Amino acid sequence: EFRRVLFRSAHHLYPIILMHIVLQGFMACGKSNLGPKLAKSLGYSFVDLDLACEKLFNTTVAGFVNAHGLAAFRYTERALLKTLLKASEPQVIALGGGTLTHQHVLNLVKKKSIVVYLNTPLPTLIKRLQKNFKTRPLINGLTPAERKIFIRALWEKRQKYYTQSHLVWAPPFSVKTLKLRIMEFKSYTASCSAENTNRFDF
């Protein structure tokens, strides 16, 4: 399901600049898998933000977090994202699961891109992450029972940010369908003024 959510700050309704496509969602939701396929279909370049960070750090995300802490990683990650959003050529950018979990960062990204939330069901995420946790510093080192509890709590905490995305999409994920919905969304927003506060549901 897709839906348009017009973001309001305390005092403003921000217009959306239709350029980059930003994929967000919880760990293991499928951003890095879908992103390159979507980019190819649109004729855009693709950037995986975690991989871009690793190239910048010359180490893995887990290695950087272990050495410098999560706060330092988030600061550097968001600074890199701001740089990417300044690019004149459109890109599909796959974010980390916690990249947009600060309101001011989310506000900025929504002004410069179309943000798509890949809303993979929580049970699917838990199943995937129970198998693939060693490269994820937030859950590595936890027991399976602890991981399940932690994942559920963090997923619930992040929903208030994820659901502010312009488009919210639940599986099954299809590049063809997403491309169509993005085009529909572009057409819709181009026909709307910044003052239009109606919700648009797909």
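This is a predicted model: local features need pLDDT of at least 70, side-chain atom pairs count only at pLDDT 80 or more; totals for chains, interfaces and linings use all residues.
**Exercise 1. Glu77 and its surroundings**

Find where Glu77 is located, decide whether Glu77 is buried or exposed, and list what Glu77 touches.

*Solution.* 
- Start with the helices: Glu77 is found in α4, which covers residues 70–84.
- Next, look at accessibility. Buried means under 20% relative accessible area, and Glu77 counts as buried because its value is 0%.
- Now check the side chain: Glu77 and Arg74 are joined by a polar contact of 3.0 Å between their side chains.
- Finally, set aside neighbours within four places in sequence; Glu77 is then in contact with Leu49, Asp50, Cys53, Gly96 and Thr99.

**Exercise 2. The largest pocket**

Describe the largest pocket by its volume and its lining.

*Solution.* 
- The space in the largest pocket is about 590 Å³.
- Its lining has 30 residues, and those nearest the centre are Met27, Asp50, Gly96, Thr135 and Arg136.
- Two or more lining residues come from each of α1 (31–42), α2 (49–57), α3 (61–68) and α4.
- Of these, α4 gives the largest share, with four residues.
- Sorted by class, the lining holds 13 nonpolar, nine polar and eight charged residues.

**Exercise 3. The second largest pocket**

Work out which element gives the most to the lining of the second largest pocket.

*Solution.* 
- This pocket has a volume of about 160 Å³.
- Among its lining residues are Leu70, Arg74, Phe150 and Tyr161.
- Both α4 and α7 (144–162) give two or more residues to this lining.
- The answer is α7, with five residues.

Conventions
Residues are numbered from 1 along each chain as its sequence is written. Side-chain values use heavy atoms; hydrogens and water are left out. Buried means under 20% relative accessible area, exposed over 50%, partly exposed in between (1.4 Å probe, protein chains only). A polar contact is a pair of N or O atoms within 3.5 Å; within protein, one must be able to donate a hydrogen and the other to accept it, and residues adjacent in sequence count only if both atoms are side-chain atoms. Contact means heavy atoms within 4.5 Å. On a 1 Å grid over the protein atoms alone, a cavity is a set of points where a 1.4 Å probe fits but cannot get out, and a pocket is an open set with protein on both sides within 12 Å along at least five of seven lines; lining residues have an atom within 4 Å of a point. Grid points are joined across faces, edges and corners, and a volume is the space filled by probe spheres set on the points. Ala, Val, Leu, Ile, Met, Phe, Trp, Tyr, Cys and Pro count as nonpolar, Asp, Glu, Lys and Arg as charged, and the others, Gly among them, as polar.
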